[in-house]
Amino acid sequence: MSVTRNTKNVPYYLLGSGAFDQLGALIDARRDPADAPAVFYVDHFFRDAAEMRLPLKKNDKLIFVDTSSEPTVENIDALADALKEELGTRMPCCITGIGGGSVLDAAKAVANLLSNPGKAEDYQGWDLVKNPAVYKIGVPTLSGTGAECSRTCVLTNMRRRLKLGMNSDFTVYDQLVLDPALTRTVPREQFFFTGLDTFMHCFESQRGSYRNVIVDRLSAAAVAVCKDIFLGSGDMMEERNLENMMVASYLGGMAAGNTGAVHPISAGLSIVLHLPHGKANCYALSALADIYPIEHALFMKMLEKNKITLPSGICRDLTDEQYEALYQGSIIHEKPLTNALGPEFGTILSRERLTSLFKAM
Ligand code: NAD
Ligand code: ZN
């Protein structure tokens with residue numbers, strides 16, 4: 001085996017129901033001077049939620065993030081500019097992101113922009129962030145994206161018509177608080193769609209040509225947990241599965257990065273139809289039985305067992321421009337498509353074939 005890339009993982013995590021109660025002590029340990037401001041980005045769902053007992057102190061900043069749409073480069077620039085203005089010359093001692101993939105990614109992106117000049121889109125790509133980010137803590141409230149432990153933060157860039165993150169070791173959280181109790185309120189469909197993001201990341205990696213023995217093992221472990229959750233005897237959201245899903249997301253997040261054919265098609269759907277990520281993945285896999293026959297069959301069983309429906313016809317009767325945008329928004333993702341299909345991916349997924357896949361969704 002060739003030598004792997006020098007790999008960074010999250011150095012610290014707490015896992016278990018009630019872990020959230022330790023957040024205040026973790027942040028206090030960073031307060032130097034003692035009145036240094038801490039910043040909290042929290043999903044807007046928790047605005048009035050009793051379970052969100054935030055350990056706020058006098059100079060802290062609390063920002064609720066509207067996640068009715070997923071983060072864009074413009075949203076991130078606005079969040080970073082607003083924070084810089086509020087803080088003036090002070091740097092926060094810690095940025096904490098509390099939410100699903102959208103908020104976890106937003107907090108990562110802002111933390112990078114506080115210590116690096118310019119705009120979010122300047123850092124979309126690989127290893128473009130030059131200076132270490134502000135210290136940050138991730139607290140997932142929805143499991144599956146692996147954003148809590150990946151080295152990216154996915155941002156939609158409509159001008160460039162793509163979804164791309166700031167892939168950097170500086171993007172990795174310094175500390176995680178993994179408290180499955182925070183996910184109890186997730187709506188069932190959302191739990192399914194986001195949870196399956198782990199399944200997608202991991203099987204796409206297993207079926208691809210960019211391989212790494214550790215990633216293979218992590219992927220296999222995460223896929224096995226997903227099968228237990230979504231095809232096992234219990235309910236997908238029973239208490240033990242909330243923890244299982246958090247663990248699968250964490251393992252899968254360490255393995256993510258080598259996606260295949262599902263994610264590019266999903267990105268096309270998100271760019272053109274604004275479908276949320278997890279749901280867009282499910283539509284993409286629903287059309288890829290030829291490329292991923294085993295996982296497609298498993299996925300169909302998961303839908304049925306958990307009584308989740310994907311209404312058909314989402315790409316019916318679009319304009320020629322929209323079909324072209326769907327094609328362009330998918331085929332632009334060369335790296336994962338090469339991983340899945342080889343350098344001839346453009347011939348295999350021709351404009352005609354991709355368009356007919358979209359029409360079949
Ligand atoms: P999300 O963060 O967009 O949240 C989806 C919905 O769930 C929102 O309405 C939110 O309010 C709600 N929600 C979150 N926690 C809740 C709770 N405990 N109770 C009730 N409602 C709750 O969804 P997501 O699927 O976690 O994240 C999607 C984003 O993650 C996309 O932008 C995607 O591109 C990104 N992503 C990032 C990575 C990465 O490695 N950084 C990987 C995959 C996906
Ligand atoms: Zn994903």
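User: Hey, which atom of T194 lies 2.7 Å from an oxygen atom of ligand 1?
Analyst: A polar one in the side chain of T194. Keep in mind that this is a predicted model.

User: Ok. And how much of ligand 1 does the protein cover?
Analyst: On its own, ligand 1 has 880 Å² of accessible area, and the protein covers 92% of that.

User: What about D43 and ligand 1, how far apart are they?
Analyst: An N or O atom in the D43 side chain is 2.7 Å from an oxygen atom of ligand 1. G101 has a contact too, but there a backbone N or O atom lies 2.7 Å from a ligand oxygen.

User: How many residues surround ligand 1 in total?
Analyst: There are 29 of them, and the closest are D43, G101, S102, S150 and T185.

User: What kinds of residues are in that shell?
Analyst: Ten are nonpolar, 14 are polar and five are charged.

User: Which helix gives the most to the shell?
Analyst: That's α4, with four residues. Both α3 (101-114) and α4 (188-206) supply at least two residues each.

User: Why does ligand 1 lie between domain 1 and domain 2?
Analyst: Because both domains give residues to its shell: domain 1 covers 12-183 and domain 2 covers 188-359.

User: Back to D43. What does it stand opposite in β3?
Analyst: V65. Strand β2 (residues 38-43) and β3 run parallel, joined by five bridges.

User: And where do the side chains of β3 point?
Analyst: They alternate along residues 61-65.

User: New topic: in what order do the strands of the three-stranded open sheet come?
Analyst: The order is β5-β8-β7, with mixed pairing. The edge strands are β5 (125-126) and β7, and each of those pairs on one side only.

User: How do β7 and β8 pair, parallel or antiparallel?
Analyst: Antiparallel, over four bridges, with β7 at residues 154-157 and β8 at residues 162-167. For example, T156 has K163 as its bridge partner, and V154 stands opposite G165.

User: And what's between those two strands in the hairpin?
Analyst: Four residues. In that hairpin, R161 takes a positive phi near 50 degrees.

Key. Residues numbered from 1 in each chain as written. Chains lettered and ligands numbered in written order. Predicted model: local features only at pLDDT ≥ 70, side-chain atom pairs only at ≥ 80, totals over all residues. Heavy atoms only, no water. Near = heavy atom within 4 Å. Polar contact = N/O pair within 3.5 Å; in protein donor to acceptor, adjacent residues only side chain to side chain. Areas by Shrake-Rupley, 256 points an atom, 1.4 Å probe, with all protein chains shown as cover. Nonpolar A, V, L, I, M, F, W, Y, C, P; charged D, E, K, R; others polar. Domains from an automatic or database assignment. Pairing = 2+ DSSP bridges. Buried < 20%, exposed > 50% of the residue type's maximum accessible area, 1.4 Å probe, protein only.
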